[in-house]
Amino acid sequence: MANFYTDNPEIKFHLNHPLMKRIVELKEREYADKDNYDYAPQDFEDALDNYDRVLELTGDICANIIWPNSEAVDAEGPHCENGRVRYASKTYENYDATVKAGLNGVTMPRRYGGLNMPTVPYSAINEMISAADAGFENIWSLQDCIETLYEFGDEDQRQRFIPRVCAGETMSMDLTEPDAGSDLQSVMLKATFDEENNCWRLNGCKRFITNGDSDIHLVLARSEEGTRDGRGLSMFIYDKRQGGVDVRRIENKLGIHGSPTCELVYKNAKAEICGSRKLGLIKYVMALMNGARLGIAAQSVGLSQQAYNEALAYAKDRKQFGKAIVNFPAVYDMISLIKAKLDAGRSLLYATSRYVDVYKALEDIARERKLTPEERAECKEFSRLADAFTPLAKGINSEYANQNTYDCIQVHGGSGFMLEYACQRLYRDARITSIYEGTTQLQTVAAIRYITNGFYGQVIAKMEQEETAVEFVALRELAKKMAVKYNECVEKVNAAENDEFKDFCSRHLYEMAASTVMSNLIVSDASKAPELFAKSARVYTRFAMAEVEKHYNFIMSATAEDLADYRK
């Protein structure tokens, strides 16, 4: 029987990374839960075995329930009835399967009913569900919003809301409005304090809200009257049980049809503040968005995995001129590149997830006791790595998902344009990944300071020192040549001392950094597991070198005076 986990040993490879020992040690607090919860691990090996079993169960559900339901969900989609959302019928079947399997509150502490798993296995679950149905993944993965409530809410709120999510209730983050998309500081949903009832009231409209009729909402609203910038915004918790929010309509989208994207109307809706006033955008949304962006990176990897599966299966089956088309160079070139981008992008996803795991676990420990100087330094180091790598993981994997699903259709030829083949749905679903939770252009903005201050260059230099198997030394040398060209371009852009020229070159520098980082990651992976990654390492580094060369030639030939040719 098919299984999205055991059929893809590359996922388990990342689960066994050496840093996982430190991550589990921090997450489990020296396995303090083992005496109070019969499902808590006794030691590191027990923890990994637990993750392995949960992922295998997830892989079974994805392969044998969610994936077979995906076409029906895409065709039916959700509906709006009397101000409420009704999911596609098969979506209820999918969600019931994940709830019964205990796949809710994955990262939450056991005292709230969670599984207390790190981000790494959570990303693996995310990836597999996305491969089965990216639209359904949007509904399931919004449980991740509970991380923000756990981090910034008070203990009473944790006790009231987290167990509900762990038991299967859904969440959403209500941020954007008709006039406030990426520019969230323009949010105008009004929050006023009701003195008589000792609560906040929300009034206004939200748009493009994923899973907008969820049970528990985190809402960005303007709490400070007379303000118009981010300092007047606070984060609120809205409980659907309280009433006051209706779904005006569900957007008619190109893809991810199973996920209801809603326009919401708040009419004196009762809410409670999460955290401190005025920090809604400045602090809480930033944390919320970083988690969401890592989720989209996982969603993108899942789409790339399924694009590879579909392309390879079709190419092996389809015969032209007396032989399967997988044997034609024009076809196997496309398929091998899909696989190479998938493997390199997946390595970036899990590297980022590990960085997030270390610093988040240490921040959580800091709520209970004072960190040692060594722990504070470790937390600072991994927090910076996570902040730098998240925009790379989200931006590049979403771009690769678009490219890979595009090539998957091309492998199918004319059949790929027909609705009965899954590749067209994967292509439609992938298109949003480079747009929502921050466009690729915004990921570039988030990454640019780590480019110009030399941080990526420092990380790449450390990666170059990692142990390399003899057969991959030439590939490591190729990655080093990429780094030389990347650093030369950074030096030129910095020397120009022109902000507009820097912004103009930023996308090129961003892609150079990502290509160089991923080349080093995939070479390291191949050195440890050549049976899994040798081919992808060779294909990807050649591809990446060509990409770096392209961007190098552009930047080195460009001047600030050239900007006039691009302005409209």
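Polar contact here means N or O atoms within 3.5 Å. Within protein, one atom must be able to donate a hydrogen and the other to accept it, and residues adjacent in sequence count only if both atoms are side-chain atoms.

Some ground rules. This is a predicted model, where local features need pLDDT of at least 70, side-chain atom pairs count only at pLDDT 80 or more, and totals for chains, interfaces and linings use all residues. Residues are numbered from 1 along each chain as its sequence is written, and side-chain values use heavy atoms, with hydrogens and water left out.

Back to T440. It sits in helix 13, residues 440-452. Helices are DSSP runs of H or I, at least four residues, and strands are runs of E, at least two, numbered from the N terminus. T440 is buried, with a relative accessible area of 0%. Buried means under 20%, exposed over 50%, partly exposed in between, with a 1.4 Å probe and protein chains only. What does T440 touch? Leaving out residues up to four places away in sequence, T440 touches G395, S398, E399, S434, R507 and Y510. Contact means heavy atoms within 4.5 Å.

Now helix 11, residues 373-412. Its 40 residues reach 57 Å from first C-alpha to last, close to the 58 Å expected at 1.5 Å a residue. That expected span is 1.5 Å times one less than the number of residues. Helix 11 has a kink of about 30° at F389, shortly before the proline P391. The bend at a residue is the angle between axes fitted to the seven residues ending there and the seven starting there. Of its 40 residues, 28 are buried, so helix 11 is largely enclosed by the rest of the structure. After the helix comes G413, with a positive phi near 60°.

Next, helix 16, residues 499-528. The 30 residues should span 44 Å, and the end C-alpha atoms are 42 Å apart, which agrees. Where is the kink in helix 16 centred? On S506, at about 45°. At the start of helix 16, a side-chain oxygen of N498 comes to within 3.0 Å of the backbone nitrogen of E500. Helix 16 has 23 of 30 residues buried, so it too is largely enclosed.

On to strand 7, residues 233-239. Seven of its seven residues are buried. L233, M235, I237 and D239 point one way; S234, F236 and Y238 point the other. Strands pair if DSSP finds at least two bridges between them. Seven bridges join strand 7 to strand 6, residues 216-222, and the two run antiparallel.

One more residue: S123, in helix 5, residues 119-132. S123 is buried, at 3% relative accessible area.

Finally, the whole chain. It has 17 helices and 11 strands. Of the 568 residues, 59% count as buried. The C-alpha trace spans about 70 × 55 × 55 Å along its principal axes. Among contacts between residues at least 6 apart in sequence, 75% join residues at least 24 apart.
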